[in-house]
Amino acid sequence: MVKKTIKHIIQLVKRILGNNKYFKLQLARINFLHSQSLRKIRKKYRKNQKINVLFFLIHEPVWKYSLLYKLFENDERFEPLILVCPYESYGNEIMVEYMDKAYEGFKSKGYRIKKALNKDGTWINVEKELKPDIIFFTNPHRLSKPEYLIENYKNYLTGYVPYNFGNSHMLNLFHDQDFHNQVWKIFAETDIHKKYSVDIARNRGKNVVVTGFPGTDDFLLEDKNIDKSIFWKHKNTKKLIWAPHHTIDDDKNFISFSSFLVYYDYIFKILDQYKGKLEIVFKPHPLLKIKLYEHEKWGKERTDRYYQKWSAHAYGNLNDSDYVDLFKTSDAMIHDSGSFLIEYLYTSKPVLRTDIDDSICKRLNTFGVMAYSVHYLAKNYDEIDLFIKQVLDGEDPKKEEREIFKKNYLLPPGNNLASHNIYNYIKEQIE
């Protein structure tokens, strides 16, 4: 009854004020709540009390906070924790599978982590049980339970790092959802991305801070000793990644990138053609398997068999988890991905884009088009084969173009890593 009354009052106020004035009123209220939260945290910080930093994680591949988490962990003034939240888009079975996989993966790497789902089937009450001061989100979309969406955390300091390096033409979806206007701070990739928010968002991007993209910090760090055998089965081969996108539903008006259904069999033929010279790691988008399960010509049995074929192949392998070290140990990549369009450019290695039509640039923003232009491009088998021959021969005609793009657009501001920029910004705000 109380909820219905509140809803009725809100609808009445909207009618009286109009949507635009009502939004401004809501935004003013949220900004006030953020300023109150900031004052509370400053008091806590000055009393030498721990600042609890909570990261909401939906699924493992969107995690872009590894270095930032470590910076907080190594600062005795902060207590970071990851909460694995439910991913509800594909039913209960997939939800539990994703939560368990993320939990085990992060726990094995030494992170402090909890699952939102308790053993007795109840869900964690964040405010009462975890008592966060700062919350970082990993996704702006409504993919989780209402308890873990931003509208329940307006009175907290909330931060967001985009889960991929923004390149989509759907500027409203990635810059002007309610989430983007309600979050305390968005830590943006470049000045170009901030301008998208200034031009598109209803709050004119006033909560956007340009820091660089933390998801690529590891590519800018000195290489550590990486166990290549985790990904690659041979020493004296050229090492290629194939990373197909999940959008096999053929919706050209949305983000249809995937050419998987065109090349899934041909890529195996390449392994046979260049046996002993080349090996390939299959790095599918995490949603591809789910989409194939639902596909009328694939289904679970055929999909699982196909994935297992990669793991079992003498010159192939499957990777469905963290990809930084995979990228670092590779020699080249073929993809039709969204985020990898920009992220792989940090490696300075040759990269080929496979497209199924000529309208790809219509589905990219201006930054995405610039990144696309420094790729090798293929629309058929012969052009893929030409790229592979170049990789085997060590030829890379587009190398200089990629390096110029990287220098001009991809390096974080202030001669610093993006995670350091975010960490320093948080410290400046609360000290």
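Trainee: Helices here are DSSP runs of H or I with at least four residues, numbered from the N terminus. In which helix is Tyr381 found?
Mentor: In this predicted model, Tyr381 belongs to helix 17, which covers residues 381-393.

Trainee: Is Tyr381 buried, exposed or partly exposed?
Mentor: Tyr381 counts as partly exposed, because its relative accessibility is 39%, and the class in between runs from the 20% limit for buried to the 50% limit for exposed.

Trainee: What does the side chain of Thr237 make a polar contact with?
Mentor: The partner is the side chain of Glu279, at 2.7 Å. Beyond its neighbours within four places in sequence, Thr237 is also in contact with residues including Lys277, Tyr315 and Asp331.

Trainee: And Asn139, buried or exposed?
Mentor: Asn139 counts as buried, at 9% relative accessibility, and its place is in the loop between strand 4 (134-137) and strand 5 (157-160).

Trainee: What lies 2.9 Å from a polar atom of the Asn139 side chain?
Mentor: That is the backbone nitrogen of His141. With residues up to four places away in sequence not counted, Asn139 touches Ile58, Tyr160, Tyr163 and Phe179.

Methods
Residues numbered from 1 in each chain as written. Predicted model: local features only at pLDDT ≥ 70, side-chain atom pairs only at ≥ 80, totals over all residues. Heavy atoms only, no water. Polar contact = N/O pair within 3.5 Å; in protein donor to acceptor, adjacent residues only side chain to side chain. Contact = heavy atoms within 4.5 Å. Helix = DSSP H or I, 4+ residues; strand = E, 2+ residues; numbered from the N terminus. Buried < 20%, exposed > 50% of the residue type's maximum accessible area, 1.4 Å probe, protein only.
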